[in-house]
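Please look at the sequence and the structure that follow.

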Amino acid sequence: MELTGKISLVSGSSRGIGRAIAIMLAEAGSDIIVNYVSNESAALEVVEQVKKHRRRAIAIQGDVSDRKQVGLMVDQAQKELGPIQILVNNAGITRDRSFLKLSPEQWHEVLITHLDGAFNLTGRLLPGMIESRWGRIINITSIVGQIGNFGQSNYAVAKGGLMAFTKTLAREVAMKGVTVNAVSPGYIETDMTAVVPENVIDIVKQFTPMGRLGKPEEVAIAVRFLADPRASFITGTIINVNGGMYM
Ligand code: NDP
């Protein structure tokens, strides 16, 4: 129960990887803010899962790319639960098209969800973490930000940018008790990859030494590790969770 007394906000935790992170941080003792954009019933189900671990949890709707909504969400969360010291920037989307077919809207939507999302939430929560001289910021990036991928120029830029943001922010706050790290998953079984054609998944498996996709819980464990107060000398790092696909 290494996170007892801590409050965590996991963006996009109604489904997939964020859901697994929320539940695993609760297992470790943290109270949880479950953020979602449209899927309220899924978010409420995660709240119930967290409560089974006898932790406090609330679900709050808010589009992370919208600065005003993030402000309202954080105000409500901190009023109901208290100061947030662990932030997981997980909310994400894909809008896959090869570059020549990619619309400006598809480019922009992916960038603002991942990058403005992290900017808005981090900007709102970092001052409080610095004031209390303790904080954890964990950004969920992607193998695609490291090696690129056909049809994902927007997503690769967003995730590559998030890794650069992780390292820069880690340097800026290293003396202030806040660590900033990234977890970079390979292909994980969620709604996001459920739409990938079967033949592409077969190719992914061929290029993954473990020969399979990962599970959300296998990503969440890396987040739990980085959130642990004992992980206090780890900052600016990227933990790869990809079955050996990129090493
Ligand atoms: P899912 O599509 O399963 O879930 C996405 C989550 O993000 C949902 O909770 C969704 O809320 C939320 N969300 C989407 N847009 C917003 C927004 N604007 N504001 C707030 N919440 C939002 O995705 P995954 O679990 O697969 O992915 C989670 C993260 O992991 C993403 O950042 C993704 O890029 C990254 N990742 C995923 C990989 C994979 O193979 N699955 C691999 C590498 C990285 P709602 O339910 O309301 O729609």
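Which element gives the largest share of the lining of the largest cavity? That element is α4, with five residues. The model is predicted, so to speak of local features a pLDDT of at least 70 is needed and side-chain atom pairs count only at pLDDT 80 or more, while totals for chains, interfaces and linings use all residues. Residues are numbered from 1 along each chain as its sequence is written, and side-chain values use heavy atoms, with hydrogens and water left out.

The cavity comes first. A cavity is a set of points, on a 1 Å grid over the protein atoms alone, where a 1.4 Å probe fits but cannot get out; lining residues have an atom within 4 Å of a point. A volume is the space filled by probe spheres set on the points, which are joined across faces, edges and corners. Searching the whole structure gives one cavity of 30 Å³ or more. The largest cavity has a volume of about 60 Å³. Its lining consists of 13 residues, and N89, A91, T113, H114 and A118 lie nearest its centre. Both α4 and α6 give two or more residues to this lining. Helices (H or I, at least four residues) and strands (E, at least two) are DSSP runs, numbered from the N terminus.

Next is the largest pocket. A pocket is an open set of grid points with protein on both sides within 12 Å along at least five of seven lines. The largest pocket has a volume of about 1,200 Å³. It is lined by 50 residues, and G92, I93, T94, Y155 and M192 are the closest to its centre. Two or more lining residues come from each of α1, β2, α4, α6 and α7. The most, four residues, come from α4.

What takes up the space of the largest pocket? The ligand does; a molecule sits in a pocket if more than half of its atoms lie within 2 Å of the pocket's grid points.

Some atom pairs can be named. A backbone N or O atom of G12 is 3.2 Å from an oxygen atom of the ligand. A polar side-chain atom of D63 lies 2.9 Å from a ligand nitrogen atom. In K159, a side-chain N or O atom is 2.9 Å from an oxygen atom of the ligand. The protein buries 95% of the 910 Å² that the ligand exposes when taken alone; these areas come from the Shrake-Rupley method with a 1.4 Å probe.

Notes
Polar contact = N/O pair within 3.5 Å; in protein donor to acceptor, adjacent residues only side chain to side chain.
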